[in-house]
Amino acid sequence: MGALKSKILVLALLPIPAFFFSLLIGRYEIPPVTVFQIFISKIFNPMMHSPWPQAYEIVVWEIRLPRILLALLVGAALSVSGTSLQGLFRNPLVSPYILGLSWGASFGVALSLLVPVPFSAQVMAFLFGLLAVFLAYSIAKVRGETPVVSLVLAGVIVSAFFTALQYIAKFFLEPHELQGLVYWMMGGLYLANWEDVSVTFAPIIIGIILLSLMSWRLNVLSMGDYEAKMLGLNTEVNKIVIISLATVIAAVSVSVVGTIGWVGLIVPHLIRMAIGPDHRKLIPLSATVGATFLLIADDLARSLTSYELPVGILTTLSGVPFFVYLLKKTKGRSWG
Amino acid sequence: MRLGRRGETKTAVTITSILIAVLVIAIAVYLLIPQQQATYKLALSASFDKPYYRVGEQATLSVEITNLNNTDVTQNLLVQLNGETVYREDVLIPASSTKAVTVSFEADRPANVTISIGGETYKLKLNVVKCVVDFRGKEVEIPYEVKRAVVLAEYQIVYALGAWDSVVGVSRYAYSNPIMLALKDINITTVPSPGTPWSLNLEELVALNPQVVLTYGFSVKTNRTVEQIENLGIPCVVVSLSKLDDLYRLIRLYGKIFNKEDRAEELIILINQTLDLVKERTANLTDEERPKVIHTWSKPLKVTGGLGVTNTLIELAGGKNPAALEFPDEKYPTVSIEKIIEWEPDAIIIWGAAKYSVEDILNNSQWQSIPAVQNGSVYKYPRTSTWAPEIAILALRFAKWIHPELFSDINIQEYADQLFMQVYGIPSPFEWEP
């Protein structure tokens, strides 16, 4: 038990060292001491006349910090969303995108590039992501109930539908716009600014807190619909609430940074293997570990080469071998 | 006596020498000792009414001279820009007061300003920025002399202008540009790249410390990149190319940015020489003499419509584009094979970077009824840029394919080698005469 506690403590505190490490690295060389000086003086004394070059301040405060915060937020959101849906669906292959969110969102972006719409690409991504999930849920609903199998199937149907729509949009897009859509689908945090952080902060943090509060219900739901009902839980209401929260935090992330794959699939799985199936621990820990995972992946994306590597591809490439290793090691035991 | 006389002479010489030496020393001392300070005392200060001016703007310099004496002083005020006098006037400064003098002149380039009066001098800098209008129509202020530019769009033009010294970063796509790779005096892959207009490492961009970024705009993603760069306080010149005139506009714009206006006009003359040759021979063709030509893009069914430079090239080269009649307001409409069969094009020209070959079209059973396929008039040009001076060679190539009889005397390879030598200092890296 002591070992488990210390494991939990380490996982919970991971983002803190990762945060400071990330603040130090980047393509623009700044002495580590200066980075901390800028960081501290900006927080405690923003009006101070800075003795360092203005470029230092721009790099630390306008480029690195918002990007780090956004990576933490999005990483946490995607993992918590994945954890909740995996628990709800009782299936380790579930990701935040299972109900068609990513395809709906990318169609929204394609549409905004193709025809003049009153919203920005980000708002379109958010709205169409939600629309896709809503459609999937409505399709899956049979006689007032939504069995897990129908939900998965409905997700497949909706994804296929929006994929087709998106290809139509792609077909008519200008090459320059098309290139933009391709980069958007690969996902990336390279344009992160304070506005993105302020837009995503509240919904993601509130969503994660609410899901944490629902975690004991998730424990019950993950035993199966029948058992949950036997225990007196209104399964439909709880399902709707959990799916909505998980979808909103993932949709907010996707709308700002594009579809970053695998974070929401591998991190929940990893935590479950490490500390067992109790969602009261799973949800907060997948937030901290997911945040750290995406942050480190993004550090690599922005500092390995002089140009940007797509972070979505890095998360996938680093996730796959690790996943294979864990699967072999535990022989798939974490799902009983 | 004789001895004594001799002794007297010697004494006289010695005395004279000493006297001369004393005189020389006295003169030297007189010259070396600083002149006694003027009896009056002045204090001088000056400032411009703006921190910097745009080229051609009227700069106003306010000079304040304070007379610290009890008597009026009249002295000559001199203002010089890089040693060149722009103002010279006697000024009367009443006793124990300050006199303000305003001097105006046209700010045409940055300069060191020296103001002097009565032995006092004051130095300051005249800061001048250039203002260029980019393809957004936005007036962008850039330093008079751009020494650090990051070029994410149309980098080969910067090289052709002879301004490569000022480039500190390029688009990652430059690493695979055949012309940039062929250049002798630079190794393009060693030039740092912060990415592309679609995916940019902002921190690397800031690390390159550019004075200006030249990039694409006019798409949602690239516009957002531009917005981010400008938010960091780096001026952005945005370009977008869709018709032949845009190339001239681009060359002149880049020429202005890098102070290579003369070379820009030279490049335009080089382009026009070859284009004029094409125009001269095709201008008087009647409608019947103009064969139907289509241009196909990444897929054989994606054709050039009425917009874009390839349609202009077909028309210049003495052809007519049936797709332009059908889709006058589109750049790259995708059509069905039946449409192409209906058009009966006499020649088909394939985009240089397309992934399919002339043989793929010639051997495709669906295309067999098309006159171009029957005559073997299907062509593919080298993977060259349409947005550079070599577009003139492309026009010549189109023309010789469409009207071989009119251009039989012309060896395109020779023209290409000559143009490339004049523009890039290398022979054409492409084969133009298969």
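Predicted model: local features only at pLDDT ≥ 70, side-chain atom pairs only at ≥ 80, totals over all residues.
Me: OK, how many residues of chain A and chain B are in contact?
Reply: On the chain A side there are 32, and they touch 28 residues of chain B.

Me: And what area is buried between chain A and chain B?
Reply: About 2700 Å², with carbon and sulfur atoms giving 56% of that.

Me: How many salt bridges cross that interface?
Reply: The rule finds four between chain A and chain B. One I can show you pairs B:E203 with A:R64, where the closest N and O atoms sit 2.5 Å apart.

Me: What about residue pairs in polar contact, how many between the chains?
Reply: The count is 17, taking pairs with both residues at pLDDT 80 or more.

Me: Which helices of chain A supply at least two residues each to the side that touches chain B?
Reply: That would be α4 (54-89), α6 (121-140) and α8 (175-186) of chain A. The most comes from α8(A), which gives seven residues.

Me: How do the residues on that side of chain A divide by class?
Reply: You get 16 nonpolar, eight polar and eight charged.

Me: Switching topic: at what angle do α13 and α14 of chain B cross?
Reply: Roughly 175°, and their axes come within 10 Å. Angles over 145 degrees count as roughly antiparallel, so that is what α13(B) is to α14(B).

Me: Which residues meet there?
Reply: From α13(B) it's B:I393, B:L396, B:R397 and B:K400, and from α14(B) it's B:I412, B:Y415, B:A416 and B:L419. By class, that contact has six nonpolar residues, two charged and no polar.

Me: Back to salt bridges, how many over all chains?
Reply: Searching the whole structure turns up 26. Among them is A:K42 with A:E57, the closest N and O atoms being 3.4 Å apart.

Me: Which parts does the A:K42 and A:E57 pair tie together?
Reply: A:K42 lies in helix α3 (residues 32-44) of chain A and A:E57 in helix α4 of chain A, so the pair links parts that are 15 residues apart in sequence.

Me: Which side chain does B:E57 meet in a salt bridge?
Reply: B:K50, at 2.2 Å from N to O.

Definitions and conventions: Residues numbered from 1 in each chain as written. Chains lettered and ligands numbered in written order. Heavy atoms only, no water. Contact = heavy atoms within 4.5 Å. Buried area = accessible area lost by both parts, 1.4 Å probe. Polar contact = N/O pair within 3.5 Å; in protein donor to acceptor, adjacent residues only side chain to side chain. Helix = DSSP H or I, 4+ residues; strand = E, 2+ residues; numbered from the N terminus. Nonpolar A, V, L, I, M, F, W, Y, C, P; charged D, E, K, R; others polar. Axes fitted to C-alpha atoms, helices over the stretch in contact; angles between N-to-C directions. Parallel < 35°, antiparallel > 145°, perpendicular 65-115°, else oblique.
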